[in-house]
Each structure stands twice: as structure tokens, then as C-alpha cells.
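Subject: Structure handover

Hello,

Here is the structure for you to look through. Please open it first, then read the notes below.

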Amino acid sequence: MRIQLRFFASIREALNLSQETLELPASIATVGELRNFLRERGAVWAEVLAEGRSLRMAFNQELANPDTALSEGGEVAFFPPVTGG
């Protein structure tokens with residue numbers, strides 16, 4: 001399955017990457033599995049996407065949770081929580 005990844009704000013800065021197209025293995029079917037898969041890249045990826053870290057995810061521009069199913073051609077975004085002021 002081919003998907004688009006988007007990274008925003010402090011996550012984009014830490015990874016030094018704003019977007020990426022990725023071909024996923026067949027075993028990756030949810031947003032949570034994708035997050036785990038990306039953490040396996042190690043180093044900064046493991047730190048930025050760490051379990052328990054305050055992080056928001058969206059699939060096709062709708063807020064997602066770890067159980068949200070992925071689909072071919074979809075877009076997954078990772079971004080920090082937004083605070084008002």
C-alpha cells in the first residue's frame with residue numbers, strides 16, 4: 001500500500017522532513033502500526049514518535065487514533081497538539 005506522510009511543526013523540524021511517499025509492507029494496516037513501523041527507523045524517529053509522547057495523528061485530514069485503518073493512496077499527518085492562547 002502506498003501512502004503519503006506529512007509532518008508538521010516541531011515534528012517536521014526534528015525529522016528535517018515535511019513529507020514523504022511510502023510503500024508500506026502488507027502487515028501495516030492502521031495508523032498505530034504505521035507509527036510503530038516509522039519508530040523502527042531508530043534515532044530521531046524513535047524519539048519523536050515515541051509511545052506516550054504527546055502527538056496527534058490524522059488520516060485523510062481527519063483526526064485519527066491508533067486503530068484507524070489505512071487505505072491505498074491515503075495521507076497520514078503527524079503533528080503536536082495545538083494550544084490556544
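Two strands pair if DSSP finds at least two bridges between them. Strands (E, at least two residues) and helices (H or I, at least four) are DSSP runs, numbered from the N terminus.

Before the findings, some ground rules. This is a predicted model, where local features need pLDDT of at least 70, side-chain atom pairs count only at pLDDT 80 or more, and totals for chains, interfaces and linings use all residues. Residues are numbered from 1 along each chain as its sequence is written, and side-chain values use heavy atoms, with hydrogens and water left out.

**The sheet**

β3 and β5 run antiparallel, joined by 4 bridges. Alanine 58 has alanine 77 in β5 as its bridge partner. In total, 5 strands make an open sheet with mixed pairing. Their order is β2-β1-β5-β3-β4. β2 and β4 (62-64) are the edge strands, and each pairs on one side only. From one strand to the next, the twist averages 30°. Angles run from 0 to 180 degrees between N-to-C directions, and axes are lines fitted to C-alpha atoms, for helices over the stretch in contact.

Helix α2 packs on this sheet and touches β1, β2, β3, β4 and β5. Contact here means heavy atoms within 4.5 Å. The direction of α2 makes about 65° with that of β5.

**The aromatic rings**

Rings of Phe, Tyr and Trp (its six-membered ring) pair if their centres lie within 6.5 Å; planes under 30 degrees apart count as stacked, over 60 as edge-to-face and the rest as tilted. The count comes to 2 aromatic pairs. Phenylalanine 7 and tryptophan 45 form an edge-to-face pair, 5.6 Å centre to centre with 75° between the planes. Phenylalanine 7 lies in strand β1 and tryptophan 45 in helix α3, so the pair ties together parts that are 38 residues apart in sequence. Both phenylalanine 7 and tryptophan 45 are buried (buried means under 20% relative accessible area, exposed over 50%, partly exposed in between, with a 1.4 Å probe and protein chains only).

Phenylalanine 7 and phenylalanine 78 have ring centres 5.9 Å apart and planes at 10°, so this pair is stacked. Phenylalanine 78 is in strand β5 (residues 75-79), 71 residues apart from phenylalanine 7. Ring pairs link Phe7, Trp45 and Phe78 into a cluster.

Tryptophan 45 also has the charged end of arginine 41 over its ring, 4.4 Å from the centre. A charge sits over a ring if NZ of Lys or CZ of Arg is within 6 Å of the ring centre and within 35 degrees of the ring normal.

**The salt bridges**

A salt bridge is a side-chain nitrogen of Lys or Arg within 4 Å of a carboxyl oxygen of Asp or Glu. How many salt bridges does the whole structure hold? The search finds 4.

- Arginine 41 pairs with glutamate 20, the closest N and O atoms being 2.7 Å apart. Arginine 41 lies in the loop between α2 (31-39) and α3 (43-48) and glutamate 20 in strand β2, so the pair ties together parts 21 residues apart in sequence. Arginine 41 is partly exposed at 34%, while glutamate 20 is buried at 19%.
- Glutamate 23 pairs with arginine 2, with the closest N and O atoms 3.4 Å apart.
- Glutamate 51 meets arginine 39 at 3.5 Å, N to O. Glutamate 51 is exposed at 63%, whereas arginine 39 is buried at 17%.

Best wishes
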